[in-house]
Amino acid sequence: MKLFALIGCPVHHSLSPLMHNDAFQSLRIDAHYHAFHVEPHLLKEAVQGLKALQCAGFNVTIPHKTAVMAYMDELDETAKQMGAVNTVVNENGKWIGYNTDGEGFVRALCEQMNIELSGARILLVGAGGAARGIYFTLLKHRVSAVDVCNRTAGKAETFIAKQTSSVYSLEEAEERLGEYDIIINTTSVGMYPHVDAMPISLQTLKKGTIVSDIIYNPLMTKWLQEAKEKGARVQNGVGMFVYQGALAFEKWTGIFPDTKRMEQVVMQQLGGKTC
Ligand code: ATR
């Protein structure tokens, strides 16, 4: 039996073991996925230990996504560009680090909302690790613009490509919402337990805009709820979670799993309906 793992701190709440073990079972793959709590000061030992145990691959979550890069034998270009690794593959005893977060978000957006991105005008709210991953993946899809707004001025300037992107303050972006086809919240604002917080005001939102939030706890943030009431098409963070996992699964096994089934497994656990 092959061993796959998740390392993070904390990991007890993670839905990844359930999702991957169900996929292994349904595809009759003799493998098991286990979540390991790894304290930051023991990260190196944990990664070495997984190699000694001949672990076939693992996922990396908060707070290790950047620190784990130091212990990889090779890094994929996307992971380098994003400065973070979320998926590691054991290739003949070498750890190869990848990042499926950005691609996971974009695949979920296109497939679940049934859209193409070419020519789209997109606004990202936030300029942290999640924003960066999504930003670089969006740029590969011939979009017309990906603008970034953030609380801390200057943070987005460190990674944007000036020809396709402008950087705004949250207040400036709030005035310009009508210019965008797609608006994406990449911050943790509105996540449990601070469920009343909203990343930006939606006063100028126009009907029919696609509004996506990477948060899935709660399934429907206050921000998404308000967007829906204003006539937007909304998407929560379950899709990104499922697709980043599906892309990792594909790197490990060569098989792209049934994302609908994965979503059902996750939704059953979260106890709700997707929006
Ligand atoms: P991640 O890797 O999950 O993206 P991160 O790198 O800490 O996490 O980034 C979090 C993002 O959420 C940042 O854009 C952060 O804004 P700052 O750059 O100003 O810190 C944003 N964020 C977090 N809490 C926020 C809040 N209360 N209001 C506005 N933005 C917030």
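Guide: Let us begin with charges and rings. A charge sits over a ring if NZ of Lys or CZ of Arg is within 6 Å of the ring centre and within 35 degrees of the ring normal. In this predicted model, local features need pLDDT of at least 70, side-chain atom pairs count only at pLDDT 80 or more, and totals for chains, interfaces and linings use all residues. Residues are numbered from 1 along each chain as its sequence is written, and side-chain values use heavy atoms, with hydrogens and water left out.

Visitor: Which residue lies over the face of Y98?

Guide: That residue is K251, placed 4.6 Å from the ring centre of Y98. A further case is R107, whose charged end sits over the ring of F256 at 4.8 Å from the centre.

Visitor: How should I read aromatic pairs?

Guide: Rings of Phe, Tyr and Trp (its six-membered ring) pair if their centres lie within 6.5 Å; planes under 30 degrees apart count as stacked, over 60 as edge-to-face and the rest as tilted. The count by this rule is ten aromatic pairs. One of them joins F4 and W252, a tilted pair with 4.9 Å centre to centre and 35° between the planes. This pair links distant parts of the chain, as F4 lies in strand β1 (residues 2–8) and W252 in helix α8 (residues 238–253), 248 residues apart.

Visitor: Why does F4 count as buried?

Guide: F4 counts as buried because its relative accessibility is 2%. W252 is buried as well, with a relative accessible area of 10%. Ring pairs link F4 and W252 with F24, Y33 and F249 into a cluster.

Visitor: What is the geometry of the pair formed by Y135 and F159?

Guide: Y135 and F159 are edge-to-face, 5.3 Å centre to centre with 70° between the planes. This pair also links distant parts of the chain: Y135 is in helix α5 (residues 129–139), and F159 is in the loop between β8 (145–149) and β9 (167–168), 24 residues apart. Y135 counts as buried at 0% relative accessibility, and F159 does so at 7%.

Visitor: How do I read polar contacts?

Guide: A polar contact is a pair of N or O atoms within 3.5 Å; within protein, one must be able to donate a hydrogen and the other to accept it, and residues adjacent in sequence count only if both atoms are side-chain atoms. The side chain of T186, for instance, reaches the backbone oxygen of V125 at 2.7 Å. T186 lies in the loop between β10 (182–185) and β11 (210–213).

Methods: Helices (H or I, at least four residues) and strands (E, at least two) are DSSP runs, numbered from the N terminus. Buried means under 20% relative accessible area, exposed over 50%, partly exposed in between (1.4 Å probe, protein chains only).
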